[in-house]
Amino acid sequence: MAFQLPFRFNAPPASMPVGSRARQSKMMEYDQPLVWVTLLLMLLGMVMVYSASISLPDSPKFANYVRWQNTYFLTRQALFIAAALIVGLFVFRVRIADLQKAAPYLFIGTLVLLVLVLIPGLGVVVNGGRRWLSLKVVNLQPSELMKVVAVLYAADYTVRKQEYMHKLTKGFMPMAAAVGFVGLLLLLEPDLGAFGVIVCIAMGILFLGGINAIWFGGIGAVLVTIFISIIALSKFRRERYFAYLNPWQEDNALNKAYQLTHSLIAFGRGEIFGVGLGGSVEKLHYLPEAHTDFLLAVIGEELGLVGVLVVIAMFYWIVKRSFDIGRQAIAIDQTFAGLTAKGIGIWIGVQTFINMGVNLGLLPTKGLTLPLMSYGGTGVVINCVGLAILLRIDYENRVLMRGGRL
């Protein structure tokens, strides 16, 4: 499908001179600030991944990477970002109407991948979790793919079932069953963090789509009860939760709250302006997974409160633009596109909040990466896919407001 750069509102008559057309408007056909914020987050993330991982080859756990010396994770993250941008450009060219048609099939396909992960010999076990499928060169994490697919499927479901959204059996229960099945597969991996994000995506889109408020409140209470039960019935999760409540107790600080205490020490050392890029001490084998789940702690130590606030501001911008674009799409009667845009905002916002909350000690420790920034191929690529869809929605909004055709 073809599109031209740039397009302008209020297109002039064909007889108007080319120079006059150029002076009509400088409105671009895509959201440049959103693109730049996304690129800045990825590039800053790549720099911080390099800083956080520079000493990892010295650890026995990462001894196999020593042949790459200190640039192993930097090189791979750069390749992941390049791949993410290429995939994002491809996804941007796909019409939103085509994504809506494909949403149910994408959902079924991703469910199959989640099942394959659980089969011994196919699923790759890392740090006790079976969450990856080996593609030889890289590992694919289906739970990350399910996040963007859940956005598309929930938006499509809400549009198709709009007349039944106030009914429990026809409106909510089919979607609840689908999300419940996804949750069961994720808990078998186990990946409670991804399950929590996907539940927030589905519930958020259903709420925005007009689900009955009483049912929504009641189901929300049931979900909270389920999550509490999952924690209470799991000794490992229960111990981690109580350690989070009192991380500085000696037994906790040396065991379940080890990551949290060292994360808090990193933020404390950073103070306002940080100790300087590359100057972190906690990344020197004190803070586990500093290049993935606890990247924000390294940012806080090296760039200080100022660096953390800049990162928060950029993520806030992305979430705000997602809801602005979604609201504009709904205003021009593009309901699926509008719900998808808002769903992407919910996804990025919830995952960012959980990751930052864990790093800052506001939430119990959970294995969720910081979108666009943390090390990881599937995560970066899928984040870019989601934002490419968002940019496509914004592009189609501008075309339709101009009076054009898609």
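Q: What is the mean pLDDT of the protein?
A: The model is a predicted one, in which local features need pLDDT of at least 70, side-chain atom pairs count only at pLDDT 80 or more, and totals for chains, interfaces and linings use all residues. With pLDDT being the predictor's confidence in each residue, from 0 to 100, the mean is 85, and 90% of the residues reach 70 or more. Over residues 1–26, however, the pLDDT is below 50, although this stretch has 41 contacts in the model beyond near neighbours in sequence, a contact meaning heavy atoms within 4.5 Å. Where pLDDT is low, the predicted coordinates should not be read in detail.

Q: Why is C200 called partly exposed?
A: Buried means under 20% relative accessible area, exposed over 50%, and partly exposed in between (1.4 Å probe, protein chains only). C200 has a relative accessibility of 35%, and therefore counts as partly exposed.

Q: How many disulfides does the rule give?
A: A disulfide is taken to be a pair of cysteine sulfur atoms within 2.5 Å, and by this rule the count comes to 0.

Q: What makes the contact of K283 and E302 a salt bridge?
A: The term requires a side-chain nitrogen of Lys or Arg within 4 Å of a carboxyl oxygen of Asp or Glu, and the side chains of K283 and E302 meet at 3.1 Å, N to O. This pair links distant parts of the chain, since K283 lies in the loop between α11 (258–270) and α12 (295–331) and E302 in helix α12, 19 residues apart. Both K283 and E302 are buried. Residues are numbered from 1 along each chain as its sequence is written, and side-chain values use heavy atoms, with hydrogens and water left out.

Q: What makes D324 and R327 a salt bridge?
A: Their side chains meet at 2.5 Å, N to O, and both residues lie in helix α12, 3 residues apart, about one turn of the helix.

Q: Why is R327 called partly exposed?
A: R327 counts as partly exposed because its relative accessibility is 47%.

Q: Which residues are linked with D324 and R327 in a network of salt bridges?
A: The network also takes in D31, K320, R321, D394 and R398. Within helix α14 (residues 377–402), R398 and D394 lie 4 residues apart, and their closest N and O atoms are 2.9 Å apart.

Terms used. Helices (H or I, at least four residues) and strands (E, at least two) are DSSP runs, numbered from the N terminus.
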